[in-house]
Amino acid sequence: MPTTNQVLADWVKEVAAHTEADQVYWCDGSEAENQKFNQMLLDDGTFKQLNQETHPDCYLHLSDTEDVARVEHLTFICTEQEADAGPNNHWMAPADAKAKMDDLFKGCMKGRTLYVIPYCMGPIDSPISRCGVEITDSAYVVQNMRLMTRMGKGALARIEREGGFVKGLHSTGELDPNRRFIMHFPEELSIMSYGSGYGGNALLGKKCHALRIASYQARQEGWLAEHMLILGIKNPQGEQSYVAAAFPSACGKTNLAMLIPPEGYVKDGWEISTIGDDICWMRPGEDGRLWAINPEAGFFGVAPGTSEGTNPNALAMLYKNTIFTNVAETEDGQPWWEGLDDRTPKTDWKGNPFDGSGPAAHPNSRFTVSASRCPSYSEQAEAAQGVPIDAIVFGGRRASLVPLVTEARDWAHGVLMGATVASETTAAATGEVGIVRRDPMAMKPFCGYHFGDYWGHWLSFSDKATQLPKVFTVNWFRKDEQGNFMWPGFGDNMRVLEWIIARCKNKVSSSESAIGGLPEVKDLNLNDLSMDEDILNDLLAVDRKGWHAEMDSVSEYLKSFGDRVPSSLFEQVETVKDKL
Ligand code: OXD
Ligand code: MN
């Protein structure tokens, strides 16, 4: 399947020569090809077949035990000027980075096949979508890209029509953590990744292209590439709204994207549909609204904690056509992870007999599955024009201070809310409870340029779009003095979404406070929820002293990014302080 795009043809030839690949294979994205690759991966032991009665076409892959997560300390943004990468990124000069990577890639595909994966991020016919080509020596990566992107013939045809594409070069190398780098060249729209087969490092369409490179490109072209889920909400009157929401990791993005509303809501006719669970590309439409697509075609989700109780929609997808990475296995060959159910697995994620010590599945074990398998997947996810976003929601894990939901006064205030998103570390993760780490727009690991410029870009949308979404902050994670969660979360988050949508449609008022608009208790639907009104009052209260301290810390944080931080963000901080 060679190509009429000369740049692509020359690049593949050049890489094949430099890496000394045995052969070159162009992926066409067909079902026959899918089956051929699965068989190949079974034959060479990369895949293990799971129980085909309970889990047809499901495979287990156990990775190298040192290659199980994204490696932020080895991830670089390589812009000509160091200042353009910003204090939020590791930087390396492009020439140095290329020399280093050229050395690593030299001869690395000897005895291996070089796979060419043309892919499209977003619906093939959407003007918001962008294409890329990943070259990899990993058939496991090919099979994951097949589920996560629109790959093969259709993508190549679009590349040939349009000309441009993001170049991504990947090799698993020796999987040596000391010879592992993920380099991004946003000025050239290219990526080089060596030494890891893990999703975020190796499936280059996802974090590398759709967030780091795309965020840079989006700034130049006037759109936004964000670490956000997108969900649809239909009310009993049949009115459809869309919400995009950004949360740092371990705050339940996939669960919120696939939320099943409480019974009473379902009876009344409310419906939630899923557009995406991780990435959102948005741009102003002719009507002045922000229109969004999910550039991905699949879910690369964390398995542990996924259950019938926490996310029945996610669990339902995982019985067919799924790749499991680093989960445990039951006696009868079914995938298993902590939190799934009370069975005891037979083998752990290293393939050893499970002896009860430590987790059986790796805490970052994953499922890769086509979005079309999700029961709540919306057909609007395939719409070329995208969906119009009514509300943007930012959230973090805050045991105290931050109310259940707050509405920004205006767009600039909303940008401040996003820029100062924070999440508290948990004892389990670090031993230090309640340490607030800021993760602006949940993009700390993913923004391909200086955060100061990024916030300026966000602010500029008040001139680019006339009907911007309303912006909110939510916090599902408040705890009482005994350390118990005060809000039930999961499906009951629907109650907060209902208020958010009602605000977008001006159907309820909000109570103005120094930190933004808060719901009146009477306007939150608490039917069938045995919740004390005092608790809700606490969840909606503004702790003045605490917020003064918060604003001081926010100010310090913003200052740490130097003089590229827009002054209007500091003005927003002052406004909040004055009102306090
Ligand atoms: C992440 C992911 O690390 O989505 O954010 O995998
Ligand atoms: Mn993510």
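How many bridges join strand β17 to β23? Here are a few friendly notes on that and on the metal site.

1. This is a predicted model, in which local features need pLDDT of at least 70, side-chain atom pairs count only at pLDDT 80 or more, and totals for chains, interfaces and linings use all residues. Residues are numbered from 1 along each chain as its sequence is written, chains are lettered from A and ligands numbered from 1 in the order in which they are written, and side-chain values use heavy atoms, leaving out hydrogens and water.

2. To the opening question: two bridges join β17 (residues 290-293) to β23, and these strands run antiparallel. Within β23, P388 is the bridge partner of W291. Strands here are DSSP E runs of at least two residues and helices are H or I runs of at least four, numbered from the N terminus; strands pair if DSSP finds at least two bridges between them.

3. Stepping back, the open sheet has four strands in the order β12-β16-β17-β23, with antiparallel pairing. β12 and β23 (387-388) stand at the edges with a single partner strand each, so one side of each has no neighbour in the sheet.

4. Now the metal: K207 (NZ), H227 (NE2) and D278 (OD) coordinate the manganese ion (ligand 2) at 2.2 Å. Donors are N, O and S atoms within 2.8 Å of the metal (3.2 Å for Na, K and Ca); water is not among the atoms, so sites may look incomplete.

5. Finally, burial (under 20% relative accessible area is buried, over 50% exposed, in between partly exposed; 1.4 Å probe, protein chains only). H227 counts as buried at 5% relative accessibility, and D278 counts as buried at 9%.
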